[in-house]
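User: I would like to learn how to read the features of a structural model, taking one kind of feature at a time. Could you give the general idea for each and then the case at hand?

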Amino acid sequence: MFSKELDTLIQATLEDGVLEEYEKAALVRRAQAEGVDIAELEIYINSILQKRQIELHKEQQAQMEKLAKEKKEAFGRVCPACGSQVPPMTLKCDCGYEFTNTKSVSSAQLLLEKIEEINDSHNVEGFSATERERRICDAIEMIPVPNSKEDILEFLSLAVSNINKSIGTASVMSTVFSFLAKIYTFGMAKTNPNESDAMLQSKRKKAWRSKFNQVMLKGRSLRGDSDFQRQLDYYESIVNKK
(Lines give C-alpha, C1' and ligand atoms only; values in the text may rest on other atoms or scores of the structure.)
Protein backbone atom coordinates (compact mmCIF):
# COMPACT_ATOMS: atom_id res chain seq x y z
CA MET A 1 0.00 0.00 0.00
CA PHE A 2 2.85 2.40 0.85
CA SER A 3 6.40 2.51 -0.44
CA LYS A 4 9.04 0.72 1.60
CA GLU A 5 10.67 4.04 2.51
CA LEU A 6 7.41 5.57 3.73
CA ASP A 7 6.45 2.48 5.71
CA THR A 8 9.89 2.42 7.37
CA LEU A 9 9.49 6.09 8.32
CA ILE A 10 6.03 5.41 9.77
CA GLN A 11 7.25 2.45 11.84
CA ALA A 12 10.21 4.40 13.20
CA THR A 13 8.06 7.43 14.05
CA LEU A 14 5.51 5.35 15.97
CA GLU A 15 8.03 3.13 17.77
CA ASP A 16 7.34 4.80 21.14
CA GLY A 17 3.58 4.62 20.67
CA VAL A 18 3.24 8.41 20.54
CA LEU A 19 2.67 10.64 17.50
CA GLU A 20 3.63 14.29 17.94
CA GLU A 21 2.13 16.97 15.68
CA TYR A 22 5.42 17.71 13.96
CA GLU A 23 5.89 13.97 13.33
CA LYS A 24 2.42 13.70 11.84
CA ALA A 25 3.08 16.72 9.61
CA ALA A 26 6.30 15.14 8.33
CA LEU A 27 4.50 11.88 7.51
CA VAL A 28 1.70 13.73 5.73
CA ARG A 29 4.18 15.68 3.61
CA ARG A 30 6.00 12.51 2.64
CA ALA A 31 2.73 10.73 1.85
CA GLN A 32 1.49 13.62 -0.28
CA ALA A 33 4.77 13.64 -2.20
CA GLU A 34 4.21 9.98 -3.02
CA GLY A 35 0.55 10.49 -3.91
CA VAL A 36 -0.77 8.51 -0.95
CA ASP A 37 -4.38 9.05 0.17
CA ILE A 38 -4.20 10.91 3.51
CA ALA A 39 -7.30 9.15 4.86
CA GLU A 40 -5.63 5.78 4.29
CA LEU A 41 -2.49 7.09 5.94
CA GLU A 42 -4.41 8.12 9.06
CA ILE A 43 -6.16 4.73 9.30
CA TYR A 44 -2.81 2.96 9.02
CA ILE A 45 -1.21 5.24 11.59
CA ASN A 46 -4.08 4.76 14.06
CA SER A 47 -3.91 0.96 13.73
CA ILE A 48 -0.19 1.01 14.49
CA LEU A 49 -0.66 3.37 17.44
CA GLN A 50 -3.31 1.11 18.94
CA LYS A 51 -1.03 -1.91 18.58
CA ARG A 52 1.91 -0.07 20.14
CA GLN A 53 -0.21 1.15 23.06
CA ILE A 54 -1.48 -2.37 23.75
CA GLU A 55 2.09 -3.68 23.73
CA LEU A 56 3.28 -0.89 26.02
CA HIS A 57 0.40 -1.56 28.40
CA LYS A 58 1.33 -5.23 28.59
CA GLU A 59 4.97 -4.34 29.24
CA GLN A 60 3.96 -1.93 32.01
CA GLN A 61 1.69 -4.55 33.59
CA ALA A 62 4.47 -7.14 33.50
CA GLN A 63 6.89 -4.68 35.08
CA MET A 64 4.40 -3.78 37.80
CA GLU A 65 3.77 -7.47 38.55
CA LYS A 66 7.51 -8.10 38.71
CA LEU A 67 8.04 -5.19 41.11
CA ALA A 68 5.12 -6.34 43.25
CA LYS A 69 6.56 -9.85 43.39
CA GLU A 70 10.02 -8.58 44.33
CA LYS A 71 8.52 -6.37 47.02
CA LYS A 72 6.52 -9.28 48.38
CA GLU A 73 9.55 -11.57 48.38
CA ALA A 74 11.62 -8.89 50.10
CA PHE A 75 9.05 -8.69 52.87
CA GLY A 76 8.46 -12.40 53.18
CA ARG A 77 6.27 -15.22 51.99
CA VAL A 78 2.61 -16.16 52.20
CA CYS A 79 1.80 -19.30 54.13
CA PRO A 80 -0.14 -21.67 51.85
CA ALA A 81 -1.92 -23.15 54.86
CA CYS A 82 -3.38 -20.04 56.52
CA GLY A 83 -2.57 -17.21 54.10
CA SER A 84 -0.58 -15.22 56.64
CA GLN A 85 2.42 -13.12 55.59
CA VAL A 86 5.57 -14.81 56.87
CA PRO A 87 8.81 -12.85 57.39
CA PRO A 88 11.77 -13.84 55.23
CA MET A 89 14.06 -16.62 56.50
CA THR A 90 11.24 -17.97 58.69
CA LEU A 91 11.07 -21.75 58.53
CA LYS A 92 7.77 -22.29 60.31
CA CYS A 93 4.51 -20.31 60.26
CA ASP A 94 2.62 -19.62 63.48
CA CYS A 95 -0.07 -22.01 62.26
CA GLY A 96 2.46 -24.86 62.23
CA TYR A 97 3.16 -25.06 58.49
CA GLU A 98 6.85 -25.66 57.70
CA PHE A 99 8.41 -24.29 54.53
CA THR A 100 10.39 -26.91 52.67
CA ASN A 101 11.89 -27.26 49.23
CA THR A 102 11.40 -30.87 48.24
CA LYS A 103 12.16 -30.31 44.54
CA SER A 104 15.80 -29.37 44.96
CA VAL A 105 18.73 -31.72 45.52
CA SER A 106 20.38 -31.15 48.89
CA SER A 107 23.81 -29.55 49.14
CA ALA A 108 25.04 -32.63 51.02
CA GLN A 109 23.98 -34.94 48.21
CA LEU A 110 25.52 -32.66 45.59
CA LEU A 111 28.81 -32.63 47.47
CA LEU A 112 28.84 -36.41 47.93
CA GLU A 113 28.28 -36.84 44.20
CA LYS A 114 31.06 -34.35 43.44
CA ILE A 115 33.52 -36.16 45.73
CA GLU A 116 32.57 -39.47 44.16
CA GLU A 117 33.15 -37.96 40.73
CA ILE A 118 36.61 -36.73 41.77
CA ASN A 119 37.56 -40.14 43.14
CA ASP A 120 36.36 -41.84 39.96
CA SER A 121 38.46 -39.40 37.90
CA HIS A 122 41.45 -40.11 40.15
CA ASN A 123 41.13 -43.84 39.51
CA VAL A 124 40.75 -43.38 35.74
CA GLU A 125 43.17 -40.50 35.07
CA GLY A 126 45.70 -41.48 37.72
CA PHE A 127 46.50 -37.97 38.96
CA SER A 128 48.27 -37.67 42.31
CA ALA A 129 46.66 -38.01 45.73
CA THR A 130 47.64 -34.41 46.42
CA GLU A 131 45.73 -33.25 43.36
CA ARG A 132 42.75 -35.36 44.39
CA GLU A 133 42.72 -33.79 47.85
CA ARG A 134 43.04 -30.32 46.35
CA ARG A 135 40.00 -30.92 44.15
CA ILE A 136 37.98 -32.36 47.01
CA CYS A 137 38.86 -29.44 49.30
CA ASP A 138 37.89 -27.02 46.54
CA ALA A 139 34.58 -28.84 46.12
CA ILE A 140 33.88 -28.60 49.85
CA GLU A 141 34.73 -24.91 49.98
CA MET A 142 32.74 -24.02 46.85
CA ILE A 143 29.53 -25.96 47.56
CA PRO A 144 26.66 -23.48 48.16
CA VAL A 145 25.55 -23.03 51.75
CA PRO A 146 22.11 -24.67 52.12
CA ASN A 147 19.04 -22.58 52.94
CA SER A 148 16.33 -24.94 54.16
CA LYS A 149 16.19 -26.45 57.63
CA GLU A 150 16.32 -30.02 56.34
CA ASP A 151 19.25 -29.28 54.03
CA ILE A 152 21.18 -27.54 56.79
CA LEU A 153 20.80 -30.41 59.25
CA GLU A 154 21.66 -32.94 56.57
CA PHE A 155 24.82 -31.07 55.65
CA LEU A 156 25.87 -30.60 59.29
CA SER A 157 25.59 -34.33 59.91
CA LEU A 158 27.80 -35.00 56.91
CA ALA A 159 30.34 -32.39 58.00
CA VAL A 160 30.49 -33.71 61.58
CA SER A 161 31.34 -37.22 60.41
CA ASN A 162 34.16 -35.87 58.22
CA ILE A 163 35.64 -33.37 60.68
CA ASN A 164 36.54 -36.16 63.10
CA LYS A 165 35.70 -39.77 62.27
CA SER A 166 36.70 -40.85 65.76
CA ILE A 167 33.50 -39.16 66.97
CA GLY A 168 31.47 -41.99 65.45
CA THR A 169 29.69 -42.92 68.69
CA ALA A 170 26.23 -44.44 68.82
CA SER A 171 24.61 -41.06 69.35
CA VAL A 172 26.22 -39.60 66.22
CA MET A 173 25.55 -42.80 64.27
CA SER A 174 21.84 -42.39 64.88
CA THR A 175 21.79 -39.02 63.11
CA VAL A 176 24.30 -39.61 60.30
CA PHE A 177 23.73 -43.32 59.60
CA SER A 178 22.36 -42.67 56.11
CA PHE A 179 25.68 -41.09 55.08
CA LEU A 180 28.22 -43.44 56.62
CA ALA A 181 28.31 -46.01 53.82
CA LYS A 182 29.20 -43.34 51.26
CA ILE A 183 31.50 -41.41 53.55
CA TYR A 184 33.60 -44.46 54.44
CA THR A 185 33.77 -45.39 50.77
CA PHE A 186 35.13 -42.10 49.45
CA GLY A 187 35.31 -39.84 52.51
CA MET A 188 38.30 -39.03 54.71
CA ALA A 189 41.73 -40.37 53.82
CA LYS A 190 42.67 -43.39 55.97
CA THR A 191 45.11 -42.83 58.80
CA ASN A 192 48.64 -43.19 57.53
CA PRO A 193 51.88 -42.56 59.42
CA ASN A 194 53.28 -40.95 56.28
CA GLU A 195 53.57 -37.21 56.91
CA SER A 196 52.20 -36.16 53.50
CA ASP A 197 49.06 -38.26 54.01
CA ALA A 198 48.55 -36.70 57.45
CA MET A 199 48.87 -33.25 55.96
CA LEU A 200 46.32 -34.07 53.26
CA GLN A 201 43.92 -35.40 55.87
CA SER A 202 44.38 -32.29 58.00
CA LYS A 203 43.70 -30.02 55.03
CA ARG A 204 40.46 -31.81 54.22
CA LYS A 205 39.34 -31.65 57.84
CA LYS A 206 39.98 -27.92 57.85
CA ALA A 207 37.88 -27.53 54.71
CA TRP A 208 35.03 -29.45 56.33
CA ARG A 209 35.32 -27.41 59.53
CA SER A 210 35.27 -24.14 57.59
CA LYS A 211 32.15 -25.19 55.68
CA PHE A 212 30.58 -26.48 58.90
CA ASN A 213 31.02 -23.01 60.45
CA GLN A 214 29.45 -21.34 57.40
CA VAL A 215 26.42 -23.64 57.47
CA MET A 216 26.07 -23.25 61.23
CA LEU A 217 26.02 -19.46 60.88
CA LYS A 218 23.32 -19.81 58.26
CA GLY A 219 21.32 -22.07 60.54
CA ARG A 220 21.62 -19.62 63.44
CA SER A 221 20.36 -16.81 61.22
CA LEU A 222 17.13 -18.68 60.46
CA ARG A 223 14.12 -18.24 62.68
CA GLY A 224 13.55 -21.93 63.25
CA ASP A 225 11.65 -23.68 66.03
CA SER A 226 13.21 -24.73 69.32
CA ASP A 227 13.78 -28.30 68.13
CA PHE A 228 15.79 -27.03 65.15
CA GLN A 229 17.92 -24.87 67.43
CA ARG A 230 18.53 -27.83 69.74
CA GLN A 231 19.77 -29.89 66.82
CA LEU A 232 22.15 -27.09 65.86
CA ASP A 233 23.42 -27.00 69.45
CA TYR A 234 23.91 -30.77 69.33
CA TYR A 235 26.05 -30.73 66.19
CA GLU A 236 28.05 -27.79 67.47
CA SER A 237 28.74 -29.51 70.78
CA ILE A 238 30.02 -32.63 69.01
CA VAL A 239 32.40 -30.68 66.79
CA ASN A 240 33.71 -28.64 69.73
CA LYS A 241 34.51 -31.73 71.78
CA LYS A 242 38.24 -32.25 72.26
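User: Which residues is His122 in contact with, leaving aside its neighbours within four places in sequence?

Analyst: Contact means heavy atoms within 4.5 Å, and with those neighbours left aside, His122 is in contact with Phe127, Ser128, Ala129 and Arg132. This is a predicted model, in which local features need pLDDT of at least 70 and side-chain atom pairs count only at pLDDT 80 or more, while totals for chains, interfaces and linings use all residues. Residues are numbered from 1 along each chain as its sequence is written, and side-chain values use heavy atoms, with hydrogens and water left out.

User: Where does His122 lie, and is His122 buried or exposed?

Analyst: Helices (H or I, at least four residues) and strands (E, at least two) are DSSP runs numbered from the N terminus, and His122 lies in helix H4, residues 107–125. Buried means under 20% relative accessible area, exposed over 50%, and partly exposed in between, with a 1.4 Å probe and protein chains only. His122 has a relative accessible area of 16%, and therefore counts as buried.

User: How many residues does helix H5 have, and what is its reach?

Analyst: The expected span of a helix is 1.5 Å times one less than its number of residues. Helix H5 (residues 129–142) has 14 residues and reaches 20 Å from its first C-alpha to its last, close to the 20 Å expected. The buried residues of H5 are Glu131, Arg132, Glu133, Ile136, Cys137, Ala139 and Ile140.

User: How should I read a salt bridge, and which side chain does Arg134 meet in one?

Analyst: Side chains of opposite charge can pair when their charged atoms come close. The criterion is a side-chain nitrogen of Lys or Arg within 4 Å of a carboxyl oxygen of Asp or Glu, and a search of the whole structure finds 11 salt bridges. Arg134 meets Glu131 in one of them, at 2.6 Å from N to O. Because Arg134 and Glu131 are 3 residues apart in helix H5, about one helical turn separates them. Salt bridges that share partners join Glu131, Arg134, Arg135 and Asp138 into one network.

User: Which side chain meets Glu117 in a salt bridge?

Analyst: The partner of Glu117 is Lys114, at 3.8 Å from N to O, and both residues lie in helix H4, 3 residues apart, or about one turn of the helix. Glu117 is partly exposed at 44% relative accessibility, and Lys114 is partly exposed at 36%.

User: Over the face of which residue does Arg135 lie?

Analyst: A charge sits over a ring if NZ of Lys or CZ of Arg is within 6 Å of the ring centre and within 35 degrees of the ring normal. Arg135 lies over the face of Phe127, at 4.0 Å from the ring centre.

User: How many aromatic pairs does the structure hold?

Analyst: Rings of Phe, Tyr and Trp (its six-membered ring) pair if their centres lie within 6.5 Å, and planes under 30 degrees apart count as stacked, over 60 as edge-to-face and the rest as tilted. The structure holds 3 aromatic pairs. One of them, formed by Phe155 and Trp208, is tilted, with 6.2 Å centre to centre and 45 degrees between the planes. This pair links distant parts of the chain, since Phe155 is in helix H6 (residues 149–163) and Trp208 is in helix H8 (residues 195–221), 53 residues apart. Phe155 is buried, with a relative accessible area of 0%, and Trp208 is buried at 1%.
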